[in-house]
Amino acid sequence: MRALVGGAGPDWEQREVEVPAPGPGQVLIRVLAAALNRADLYMLEGSYNPNSKTSAVFTAGLELAGAIAALGDGVTSVGVGDRVCGAGLGAFADYALLDARHVIPVPASLSWTDAAALPVGIATEHDALVTQGGFTRGQSVLVIGGTTAIGLIGVQMAKALRASVVAATTTSASKTAALAAAGADVAINTSTDGLADAVSKATNGGGVDVALDHVGGQLFADAFAATRVGGTVINIGRLGGPESTIDLNTMSFRRLRVVGTTFSVRTPDELAAVCAAVRPEVMPAVADGRIRPVVDRVFDFDDAKKAADYLRTNQAVGKLVLRMSGRKAIA
């Protein structure tokens with residue numbers, strides 16, 4: 001099969017490798033589309049090393065959609081031919097292995113390219129918003145970095161779960177329309193508007209109940225003053241850098257709960273619990289269209305380097321997806 005291999009140079013290298021066989025508890029998936037994530041670039045750079053990366057040279061890709069081709073011993077939750085999506089290292093190949101507990105059924109209404117753009121976003125945002133953030137219906141939510149691919153899922157998810165107000169940020173005036181299309185009640189351009197003031201106006205002076213920060217840097221600290229007394233701030237991403245100077249007085253006087261989260265060091269059992277929570281609480285909203293992935297561009301598998309270069313420009317609004325084509329299924 002074809003596979004994009006990382007760790008052998010500054011870019012992925014396409015190689016012919018053996019199709020893997022599923023072990024106990026695993027499924028083999030015929031990959032029909034795979035999505036790019038910022039972490040894919042970090043892995044090329046050597047600055048991101050999730051638990052699943054066990055060698056310097058690795059099959060790249062973290063997010064996929066496809067049809068189950070074979071089952072490992074003990075797998076009864078899915079069957080051969082089932083449409084699934086999932087997150088796990090090795091997605092940029094014709095076939096990939098996943099823990100059967102980590103796959104999510106794909107509604108028939110979704111294309112393969114749309115389905116591939118879902119699993120990282122829905123797992124990350126549901127875990128951060130609900131499991132870590134304690135969100136309940138009727139609360140208000142701030143999504144910092146709302147025009148990132150995952151942030152756009154977060155906006156839609158907050159609306160689907162009946163948030164009272166969803167505010168979201170961007171640094172580009174040209175991207176505010178994408179926030180409105182995703183369902184944001186308030187779009188904030190942090191290049192020109194103060195975050196705390198804009199959120200205060202949207203929440204009658206109280207601040208939001210839960211702030212999801214996908215950017216880090218100084219915006220993480222700015223989120224404190226935009227969050228209500230007793231509210232929760234969750235850092236998910238660090239596109240703006242891993243360092244931030246926070247005001248301890250703001251944090252303390254507002255009695256904020258501050259949480260950092262990542263999937264890179266979670267155990268298989270922990271990831272299984274995340275996927276188990278997503279299936280009943282999120283997938284109905286995906287099936288009926290309340291949550292839809294936003295795909296900026298689709299590239300052929302052979303054009304993966306072009307996709308990576310485009311991701312590096314930071315111009316994308318939504319996901320970049322690789323379409324697998326040109327290879328017949330194994331017998």
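**Close-up views of a predicted model**

**View 1. Asp99 and its surroundings.** Leaving aside the neighbours within four places in sequence, Asp99 touches Gly25, Gln26 and Pro268, where contact means heavy atoms within 4.5 Å. This is a predicted model, in which local features need pLDDT of at least 70 and side-chain atom pairs count only at pLDDT 80 or more, while totals for chains, interfaces and linings use all residues. Residues are numbered from 1 along each chain as its sequence is written, and side-chain values use heavy atoms, with hydrogens and water left out. Asp99 belongs to strand S7 (residues 95–99); helices (H or I, at least four residues) and strands (E, at least two) are DSSP runs, numbered from the N terminus. With a relative accessible area of 18%, Asp99 is buried, a word that stands for under 20% relative accessible area, as against exposed for over 50% and partly exposed in between (1.4 Å probe, protein chains only). A polar atom of the Asp99 side chain lies 2.8 Å from the backbone nitrogen of Arg101.

**View 2. Strands that pair in the antiparallel sense.** Strands of a sheet pair through backbone hydrogen bonds, either parallel or antiparallel, and two strands are taken to pair if DSSP finds at least two bridges between them. In the order S2-S1-S4, 3 strands form an open sheet with antiparallel pairing, and its edge strands, S2 (13–16) and S4 (58–59), each pair on one side only. Strand S1 (residues 2–6) meets S4 over 2 bridges, and Val5 stands opposite Thr59 in S4. Elsewhere, strand S5 (residues 63–71) pairs with strand S6 (residues 83–87) over 5 bridges, in the antiparallel sense, with Val84 in S6 as the bridge partner of Gly66. S6 also pairs with strand S8 (residues 103–105), antiparallel and over 3 bridges, and here the bridge partner of Gly86 is Val103 in S8.

View 3. Cys85 is buried at 1% relative accessibility, and Cys275 is buried at 8%.

**View 4. Helix H7 and its aromatic pair.** The buried residues of helix H7 (residues 217–225) are Gly217, Leu219, Phe220, Ala221, Ala223 and Phe224, and what covers them includes helix H6 (195–202), strand S12 (208–213) and helix H8 (248–253). The whole structure holds 3 aromatic pairs, where rings of Phe, Tyr and Trp (its six-membered ring) pair if their centres lie within 6.5 Å, with planes under 30 degrees apart counted as stacked, over 60 as edge-to-face and the rest as tilted. The rings of Phe220 and Phe224 have centres 5.3 Å apart and planes at 75°, so this pair is edge-to-face. These two residues of H7 are 4 residues apart, about one turn of the helix.

**View 5. Rings around Tyr310.** Phe299 and Tyr310 form a tilted aromatic pair, 6.5 Å centre to centre with 50° between the planes. Phe299 lies in strand S15 (residues 295–300) and Tyr310 in helix H11 (residues 304–312), so the pair ties together parts that are 11 residues apart in sequence. The charged end of Arg297 sits over the ring of Tyr310, 3.9 Å from its centre, by the rule that NZ of Lys or CZ of Arg is within 6 Å of the ring centre and within 35 degrees of the ring normal.

Key
A polar contact is a pair of N or O atoms within 3.5 Å; within protein, one must be able to donate a hydrogen and the other to accept it, and residues adjacent in sequence count only if both atoms are side-chain atoms.
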